[in-house]
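Me: I've got a model open and want to talk it through. Can you take me around it?

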Protein chains: 2
Amino acid sequence: MAEKQYKILLSEDEIPRHWYNIQADMPNKPLPPLHPGTKQPVGPADLAPLFPMELIKQEVSQDRYIEIPEEVREIYKLWRPTPMFRAHRLEKMLDTPAKIYYKYEGVSPSGSHKTNTAVAQAYYNKMEGVKRITTETGAGQWGTALAIACQMFGIECEVFQVRISYNQKPYRKALIESFGAKIYPSPSELTESGRKILAQYPDTPGSLGIAISEAIECAVQDENCKYALGSVLNHVLMHQTIIGQECLVQMEKAGDFPDIVIAPLGGGSNFAGISFPFLHQNITQGKKVRAIAVEPASCPKLTKGEFRYDFGDSAGFTPLLPMYTLGHNFRPAAIHAGGLRYHGASVLCSQLLKDGLIEANAIQQLECFEAGIAFAKAEGIIPAPEATHGIAQVFREAQRCKEEGKSETILFNLCGHGFLDMQAYMDYFDGKLSDHFLTDEELKSGLKELEGYPSI
Amino acid sequence: MAEKQYKILLSEDEIPRHWYNIQADMPNKPLPPLHPGTKQPVGPADLAPLFPMELIKQEVSQDRYIEIPEEVREIYKLWRPTPMFRAHRLEKMLDTPAKIYYKYEGVSPSGSHKTNTAVAQAYYNKMEGVKRITTETGAGQWGTALAIACQMFGIECEVFQVRISYNQKPYRKALIESFGAKIYPSPSELTESGRKILAQYPDTPGSLGIAISEAIECAVQDENCKYALGSVLNHVLMHQTIIGQECLVQMEKAGDFPDIVIAPLGGGSNFAGISFPFLHQNITQGKKVRAIAVEPASCPKLTKGEFRYDFGDSAGFTPLLPMYTLGHNFRPAAIHAGGLRYHGASVLCSQLLKDGLIEANAIQQLECFEAGIAFAKAEGIIPAPEATHGIAQVFREAQRCKEEGKSETILFNLCGHGFLDMQAYMDYFDGKLSDHFLTDEELKSGLKELEGYPSI
């Protein structure tokens with residue numbers, strides 16, 4: 001009998017040479033972002049103070065493939081190609097006829113997929129002479145990723161971390177500092193918007209919206225400084241498609257092809273990263289891969305939100321984006337999967353859901369943690385709380401396969417490890433976590449201030 | 001020009017099929033352990049209450065190679081073979097003509113090399129019908145490794161963690177529980193030895209010696225229970241040789257061979273793991289690899305200890321072992337590299353040092369942290385505090401190569417990541433850490449109670 005293979009590895013020269021841009025293949029192109037004042041489409045000039053021109057071009061490009069610069073591929077080699085695993089032990093534990101594979105992005109310097117876009121963004125900023133980049137971070141994966149990416153290109157990096165996370169996750173702060181970045185709890189005294197909030201609410205825990213405002217305020221005041229975002233935008237999602245493109249090659253090496261691809265969805269870059277290259281196969285090759293985005297039941301924009309124009313941030317500083325949203329004033333419960341506590345879904349993922357090209361499902365957190373622990377026991381990797389949402393969906397599909405007697409092939413993106421999120425597991429073991437069932441009133445609460453803004 | 005290669009990977013069928021037993025090749029065999037009462041060599045029967053017979057046989061085997069059981073290799077496939085990296089970015093940062101490689105053991109479920117022996121030990125216990133294993137742990141890597149290994153073989157696992165570490169490292173506790181083991185702060189109320197200490201010193205921070213006593217006490221009281229140790233013993237060191245054996249193949253693939261192999265030394269299993277297969281090349285093939293064990297200057301048994309018989313634990317429960325030691329009552333300073341705070345060196349490493357077959361060096365902790373941070377910035381991996389000792393030595397050798405204009409090849413074992421040790425880096429950044437210069441009195445303090453025990 002042939003020996004079981006657990007890891008499907010690629011060599012460094014198999015790192016993809018192009019990112020895949022799904023805009024080229026979408027039957028309905030995404031609607032344009034609108035200026036909140038004029039309600040007219042936003043142009044490159046509007047974004048130039050924040051982003052380097054090459055990223056603005058990528059944001060609207062219709063080219064199917066965009067070449068990955070050699071310098072970026074060179075840094076990717078530190079951890080890419082990432083391994084894809086056949087989860088033999090998990091399959092046995094679940095007693096399922098399904099074949100389960102997972103792509104593991106936790107081997108990157110930030111411990112998550114975020115480094116893929118951080119390196120690309122730092123590179124394009126460097127090429128255009130940017131000396132300093134500001135950003136916000138919640139749980140800290142994105143801040144860590146941008147810190148190491150900036151370090152590698154000799155760019156200063158300043159991270160505004162939501163104050164409650166800054167206080168709760170001192171290890172993340174230490175890691176970001178180890179990689180050479182400055183990190184501040186937000187709101188801070190460093191910005192006008194931070195000082196304004198602090199004067200009014202000295203004890204505020206902060207929010208991603210406030211942190212974004214501070215990072216943007218810093219960036220626009222210094223002509224050598226730009227701003228970077230870790231998800232939601234088209235170019236960010238595109239940079240992550242290196243994940244799925246590697247999976248295509250790895251699946252071929254495994255002699256298999258997925259029936260289902262699963263990933264959690266916060267802004268959408270993790271889900272896009274693994275699923276878009278398979279959607280390309282659906283659209284152009286007639287494949288029928290089910291791509292399932294999994295969101296927390298406490299922040300269900302895809303399954304219970306409205307498809308409409310909304311702001312990307314809580315404060316209302318960004319352009320209006322056409323997306324599934326719970327409203328930019330929606331306040332999600334304080335679940336530990338901080339990366340999934342975002343009111344909207346990226347424009348690309350929203351349009352694909354609207355057009356029926358992807359599926360979405362919402363799962364409560366206790367089911368997710370239970371699945372995460374079972375996965376750790378079987379496979380030896382403790383998943384980030386965000387990643388457990390994908391795992392819970394895998395467990396549901398594996399159970400369905402068992403009931404239906406089907407040997408489907410399931411692939412999911414294990415987007416990061418949980419070594420820096422163990423507080424979440426401690427709270428779970430201590431019985432401190434509960435599920436959260438949103439009332440209709442809560443569901444509508446975030447949309448109130450959007451009256452008067454264009455619907456779709 | 002050929003593209004640079006960063007990762008030298010092996011496929012799963014290249015996992016070694018045998019462990020290497022250096023006892024077969026040692027010019028001077030290690031002296032036998034002695035019973036502390038009779039002063040006579042300890043026999044298998046003396047160890048039978050604690051360890052399964054197969055491990056006791058391995059402890060004294062003179063066979064050069066011992067086959068790795070298929071079930072153990074199957075579990076190794078979850079993370080082995082581990083990658084070996086060429087540190088191109090670090091070489092550039094250090095501006096050295098040296099070629100630097102590192103083997104990365106942090107990809108294992110425990111985040112360190114400890115899982116290699118944990119899986120083997122759990123397997124042999126399972127084969128002999130053991131239902132429950134007890135152990136001690138300090139910083140927690142070993143407890144984590146044994147927890148997941150026992151989980152995989154359906155054995156109950158109970159870990160006594162030194163109380164101060166239990167309180168300081170709640171993430172480790174959560175990880176050990178996630179993998180299904182029970183964990184207690186030591187001293188505990190669960191054992192006679194624990195209760196005795198608590199009655200006398202209710203506020204004691206605990207020690208590895210006390211934790212060993214509690215674990216042993218539990219094991220001997222239950223005929224279905226055995227005890228497991230994560231370093232020091234011959235069989236433990238042998239299980240780790242899978243590291244160096246993989247490196248031999250990886251070096252061949254890289255078209256290179258090391259002039260120097262470096263690893264930190266706490267008990268000796270990390271150092272033995274990477275260096276013994278290269279020492280085999282020295283002894284039998286006439287190679288001249290320098291193998292350098294690095295210890296903290298605050299616990300310098302190899303460079304300032306005595307070669308003599310001493311107890312393996314602080315309480316004096318174990319057989320007397322012939323080793324370099326600072327005395328079992330030596331109290332090392334509270335440095336963050338908990339895995340290196342051990343008074344003695346394993347019998348095998350001690351004999352090899354005595355015979356001039358390996359080298360040793362002691363380094364202060366501030367130099368180690370500085371090197372660790374520089375390494376993280378260059379290579380994107382935050383090293384465990386223990387591992388930074390090897391890195392500091394690599395930096396010294398790289399600097400020497402630069403001064404001498406020599407392009408030597410250096411290989412070191414990056415035995416684990418530091419994601420669960422970020423408190424150490426926080427203290428370093430906050431200026432709370434200092435170097436520790438031992439007085440002669442401190443150096444002799446641990447040896448006092450050894451008068452009357454046999455010297456060598």
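Reply: Here is a walk through the two chains, topic by topic.

Me: Ground rules before we start?

Reply: This is a predicted model, where local features need pLDDT of at least 70, side-chain atom pairs count only at pLDDT 80 or more, and totals for chains, interfaces and linings use all residues. Residues are numbered from 1 along each chain as its sequence is written, chains are lettered from A and ligands numbered from 1 in the order written, and side-chain values use heavy atoms, leaving out hydrogens and water.

Me: OK, what rotation and shift put chain A on chain B?

Reply: A rotation of 180 degrees with 0.0 Å of shift along its axis does it, at an RMSD of 0.0 Å. The two copies are thus related as by a two-fold rotation axis.

Me: Which C-alpha of chain A is nearest the axis?

Reply: That of A:Phe419, 3.1 Å from the axis. Both copies use the same surface, too: 100% of the contact residues of chain A recur in chain B, with contact meaning heavy atoms within 4.5 Å.

Me: Switching topic. What does UniProt put at A:Lys114?

Reply: The unreviewed entry has "modified residue: N6-(pyridoxal phosphate)lysine" there.

Me: Where does A:Lys114 lie? And is it buried or exposed?

Reply: A:Lys114 is in the loop between β5 (99–104) and α5 (115–127) of chain A. Helices (H or I, at least four residues) and strands (E, at least two) are DSSP runs numbered from the N terminus. A:Lys114 counts as buried because its relative accessibility is 15%; the cut-offs are under 20% for buried, over 50% for exposed and partly exposed in between, with a 1.4 Å probe and protein chains only.

Me: What does A:Lys114 touch?

Reply: Not counting residues up to four places away in sequence, its contacts are A:Gln141, A:Trp142, A:Ala145, A:Gly230, A:Ser231, A:Gln240 and A:Ser269.

Me: And the domain record?

Reply: In the unreviewed UniProt entry, "domain: Tryptophan synthase beta chain-like PALP" covers residues 78–416 of chain A. That stretch is 46% helix and 19% strand, with its end C-alpha atoms 16 Å apart.

Me: How many residues of β6(A) are buried?

Reply: Six of its six, for the strand at residues 132–137 of chain A. A:Arg132, A:Thr134 and A:Glu136 are buried on one side, and A:Ile133, A:Thr135 and A:Thr137 on the other. β6(A) pairs in the parallel sense with β7(A), residues 156–162, over six bridges, and A:Thr134 stands opposite A:Glu158. Pairing requires at least two DSSP bridges between the strands.

Me: Over in chain B, what's the strand order in the open sheet?

Reply: The four strands run β8-β7-β6-β9, with parallel pairing. The edges are β8 (182–186) and β9 (225–227) of chain B, each pairing on one side only.

Me: How many bridges join β7(B) and β8(B)?

Reply: Five, in the parallel sense. In β8(B), B:Lys182 is the bridge partner of B:Glu158.

Me: Last one: how many residues has the largest nonpolar core?

Reply: It has 170 residues, and those with the most contacts inside it include A:Phe276 and B:Phe276. A nonpolar core here is a set of buried Ala, Val, Leu, Ile, Met, Phe, Trp, Tyr and Cys residues joined through side-chain atoms within 4.5 Å.

Methods. Least-squares fit on C-alpha atoms with pLDDT ≥ 70 in both. UniProt positions renumbered as here; feature names shortened; annotations may be inferred.
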